[in-house]
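Hello,

Here is the structure I promised to pass on.

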Amino acid sequence: MTHPEPTPEPGRPVVLRGGTVLPMDDACSILGNTDVLVVDDRIAAVGPALEVPEGTQEIDARGGIVMPGMIDTHRHMWQTAMRGYGADWTLTQYFVWYYLEHGRTFRPEDVAAGNRLAALEALEAGVTTTVDWSHGLQSVDHAEAAVQALRSVPGRFVLAYGNIQAAPWEWTADPAVRDFLTRHRDAADDMLGLQLAFDVTGDPVFPEKAAFEAARELGLPVTTHAGVWGATNDDGIRLMHEHGFMTPETVYVHAATLTPDSYHRIAATGGSISVSTESEQSAGQGYPPTWQVRRHGIPVSLSMDTSVWWSGDLFSAMRTTLGADRSREHFEAHLSGETVTHVALRAKDVVQWATRGGALALGRDDLGSLEPGKKADVVLLRNDDSPVSFPVLHPFGHVAFQAQRGDVHTVLVDGRVVKHAHKLVGVDLGAVRREIESSVEHLLSTLGEEVWAQGMNPDLPDAQLLDNPYQYTEYKSDSTRAAREEVFEEHLATER
């Protein structure tokens, strides 16, 4: 039987005693019976039997795993009020619902409600930094609501500003948007950063050039959905590269249907790829690309995409990423009559992608590892009431395959305890629930019960391919579906 543990008081040092520590250092060390001392907002020391300042509060980490806070580099937080609504969607149905039909029905308060719930959900699962890929910001009022919601939750966030209801070269030129971005860029701290979020369709005219120029002028990184089947492709990567807009700060989300030429361009310019394996497996962006990306030495981070479909934690992301990569490895070998005897992608690799990989993608070398001087974003996995919590024989394997959000005992962000003894600290979930219920009621009443039900339970249409979901451009791919399939099959044959 477990006993209640007092919640550490704000402002006092904290030491996590006697856990198995995964510092996520260069050696991927595993430190048994080790303490982690947090003073103010920093990791002060890591080691056995640490001497600590007077007044330090102790958290018993024995039998648990202490690791850095996880980092999600791509989450559409504004959509969280519709949790699970699109469980049976394809990507086409997602595009139609949000981009073409109903995304504009979200009010600023609906964006705020989704962001607040998603932010708390992230912290509760040990995700201490989340990129809010916020492409529902159809007005500056929506953007202000998004920021206020993020600021109300004690996690780290990056607002990736986007607007699927307008062309990126239009909204990035809007004086009101420019003013918003400038104000929040200048007010940014290490708890809230900014990116620009937009996609490149591959239109040879390259109308997105103006949006990239705006990002450069504002000094903001760009995150983009790249290599998404039927939407973004190698032409977009080529245009970005030829015009000098591929930088080490650029994050390419999914990157699932690109050819080696595009991966070479990403590798050469130092960008990183955010893999959303649950999304890619289910929605149809393409096969999760880690099996190809590893060959090109491109840095990887993990993300969960949207709660409209999938789980909001990175344990699921790690697990599904290992499964997808390994199944592809076995499948390729079996096609050649061979047997894989040693898997290439290891559990420690996906744990690293969920921590240091995210820090690298965001240019935050003060996050992602537990080393003295780094920011104190710390997660303790310990669940004395679970028979799955022991034995811990292979700590990386335990995190990747055994642990889940219910095992997150304590979370610190910037040295502040935001979850302890399996409960979020100082959170009124009742108020958050009422806020979400109001959003759901608004959406349902706006759409009507019949349209709402049809959206949740889509029929199988005759035409299942949407060539270009971006209504702000007339560009259409020259390729037919059959031609794209032929190109992709040729690419697979080359890779084999």
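In α1, the buried residues are Leu 91, Thr 92, Gln 93, Tyr 94, Phe 95, Trp 97, Tyr 98, Tyr 99 and His 102. That is 9 of the 12 residues of α1, so the helix counts as mostly covered. Please keep in mind that this is a predicted model.

What do the buried residues of α1 pack against? Their partners are α9 (277–283), α14 (429–447) and α15 (449–456).

**Cavities**

The search finds 6 cavities of 30 Å³ or more. The largest cavity holds about 130 Å³ of space. It is lined by 18 residues. Closest to its centre are Leu 91, Tyr 94, Phe 95, His 225 and His 254.

Which element gives the largest share of that lining? It is helix α1 (residues 91–102), with 4 residues. By type, the lining of the largest cavity splits into 9 nonpolar, 7 polar and 2 charged residues.

**Gln 79**

Gln 79 belongs with the α1 story. This residue sits in the loop between β6 (70–75) and α1. Is Gln 79 buried or exposed? Gln 79 counts as buried because its relative accessibility is 0%.

Its side chain makes two polar contacts worth a look on screen:

- Gln 79 to the side chain of Tyr 94, at 2.9 Å.
- Gln 79 to the side chain of Thr 306, at 2.8 Å.

Tyr 94 is also among the residues closest to the centre of the largest cavity. Leaving aside neighbours within four places in sequence, Gln 79 is in contact with Tyr 94, Tyr 98, His 135, Thr 306 and Val 308.

**Strands**

Start with β9 (residues 192–197). Of its 6 residues, 6 are buried. Both faces of β9 are covered. Leu 192, Leu 194 and Leu 196 lie on one side. Gly 193, Gln 195 and Ala 197 lie on the other.

β9 pairs with two strands that I can point you to. With β8 (residues 156–161) the pairing is parallel, over 5 bridges. With β10 (residues 222–226) the pairing is also parallel, over 2 bridges. Leu 196 takes part in both pairings: Leu 196 is the bridge partner of Tyr 161, and Leu 196 stands opposite Val 222 in β10.

Along β4, Gln 57 and Ile 59 point to one face and are buried. β4 pairs with β1 (residues 14–21) in the parallel sense, over 4 bridges. Within that pairing, Val 15 has Glu 58 as its bridge partner.

**Asp 235**

One last site. Asp 235 is found in helix α7 (residues 234–242). How accessible is Asp 235? Its relative accessible area is 30%, so Asp 235 is partly exposed.

Not counting residues up to four places away in sequence, Asp 235 touches Gly 202 and Tyr 475. The C-alpha atoms of Asp 235 and Thr 201 are separated by 7.9 Å. Along the chain, Asp 235 and Thr 201 are 34 residues apart.

Best wishes

Notes
Residues numbered from 1 in each chain as written. Predicted model: local features only at pLDDT ≥ 70, side-chain atom pairs only at ≥ 80, totals over all residues. Heavy atoms only, no water. 1 Å grid on protein atoms, 1.4 Å probe; cavity = no way out; pocket = protein on both sides within 12 Å on 5 of 7 lines; lining within 4 Å. Points joined across faces, edges and corners; volume = space filled by probe spheres on them. Nonpolar A, V, L, I, M, F, W, Y, C, P; charged D, E, K, R; others polar. Buried < 20%, exposed > 50% of the residue type's maximum accessible area, 1.4 Å probe, protein only. Polar contact = N/O pair within 3.5 Å; in protein donor to acceptor, adjacent residues only side chain to side chain. Contact = heavy atoms within 4.5 Å. Pairing = 2+ DSSP bridges.
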